[in-house]
Amino acid sequence: MNQIIADQKKTVRRFYEELWNSWNYAIIGEILTSDVAFHGSLGAENNGHQGFIDYAEMVRAAFPDFTNSIEVLIAEGDKVAACLTYRGTHLGEIFDIEPTGRAIRYIGTAIFVFRDNLISNAWVLGDRLELLQQLSARLP
């Protein structure tokens with residue numbers, strides 16, 4: 001594996017292990033471009049470091065112990081794809097659903113695009129239907 005791809009995979013691991021799972025926003029500039037476009041499956045597109053932090057804090061308010069587990073990483077060129085498992089405990093409101101105290105677990109994928117060795121775009125697609133079913137929300 002070439003060094004650039006190895007470094008990109010390492011950055012995605014840091015994105016989840018250090019930034020998300022530890023809520024360590026101090027390292028955000030080491031991982032994300034200042035104009036990052038983050039498309040999270042639990043909300044709309046967020047831009048820039050503050051936009052990402054706002055999104056992460058929305059998730060954290062609903063699931064204070066939210067964690068991401070990387071199951072698979074695949075890289076090619078300037079892109080890295082991840083298969084993930086998300087876990088947490090529903091202790092805050094989300095999607096107009098009051099806290100249930102339930103443990104949740106759902107799966108998802110993410111695609112990251114790199115520019116200058118930093119993540120410039122991220123599309124995350126978690127299985128929202130699976131999450132809503134675990135929260136026992138009324139589905140359309």
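This is a predicted model: local features need pLDDT of at least 70, side-chain atom pairs count only at pLDDT 80 or more; totals for chains, interfaces and linings use all residues.
Colleague: How many of the residues are buried, as a percentage?
Modeller: Buried residues account for 44% of the 140 residues in the protein.

Colleague: And the overall dimensions, what are they?
Modeller: Along the principal axes, the C-alpha atoms fill a box of roughly 45 × 25 × 25 Å. The radius of gyration is 15 Å, which agrees with the value near 14 Å that a compact globule of 140 residues would have.

Colleague: What part of the contacts comes from residues 24 or more positions apart?
Modeller: Among contacts with a separation of 6 or more, such residues account for 53%.

Colleague: Let us turn to the strands. How many bridges join S4 to S5?
Modeller: Eleven bridges join strand S4, residues 79–89, to strand S5, residues 103–115. The two strands run antiparallel. In this pairing, Arg-87 stands opposite Arg-105 in S5.

Colleague: Which residue in S6 stands opposite Ile-111?
Modeller: That residue is Trp-123. S5 pairs with strand S6, residues 118–126, in the antiparallel sense, over eight bridges.

Colleague: What lies between S5 and S6 in that hairpin?
Modeller: The hairpin has two residues between the strands. Asp-116 lies in this loop and takes a positive phi near 55°, a positive value in a residue other than glycine.

Colleague: Is Asp-116 buried or exposed, and why?
Modeller: Asp-116 counts as exposed because its relative accessibility is 67%, and the cut-off for exposed is over 50%.

Colleague: Where is Trp-23, and what is its phi?
Modeller: Trp-23 is found in the loop between H1 and helix H2, which spans 28–31. Its phi is near 55°, again positive in a residue other than glycine.

Colleague: Buried or exposed, in the case of Trp-23?
Modeller: Trp-23 has a relative accessible area of 11%, so it is buried. The limit for buried is under 20%.

Colleague: Why does Gln-8 count as buried?
Modeller: Gln-8 counts as buried because its relative accessibility is 5%.

Colleague: What about Asn-46: which strand is it in?
Modeller: Asn-46 lies in strand S2, residues 45–47. Asn-46 is buried, with a relative accessible area of 17%.

Colleague: One last topic, charge. How many positive and negative side chains are there?
Modeller: The protein has 12 positive and 18 negative side chains. The centres of the two sets lie 5 Å apart.

Terms used: Residues are numbered from 1 along each chain as its sequence is written. Side-chain values use heavy atoms; hydrogens and water are left out. The radius of gyration is taken over C-alpha atoms; the globule rule is 2.2 Å times the number of residues to the power 0.38. Buried means under 20% relative accessible area, exposed over 50%, partly exposed in between (1.4 Å probe, protein chains only). Contact means heavy atoms within 4.5 Å. Lys and Arg count as positive and Asp and Glu as negative; His and the chain ends are not counted. The place of a charge is taken as NZ of Lys, CZ of Arg, CG of Asp or CD of Glu. Helices (H or I, at least four residues) and strands (E, at least two) are DSSP runs, numbered from the N terminus. Two strands pair if DSSP finds at least two bridges between them.
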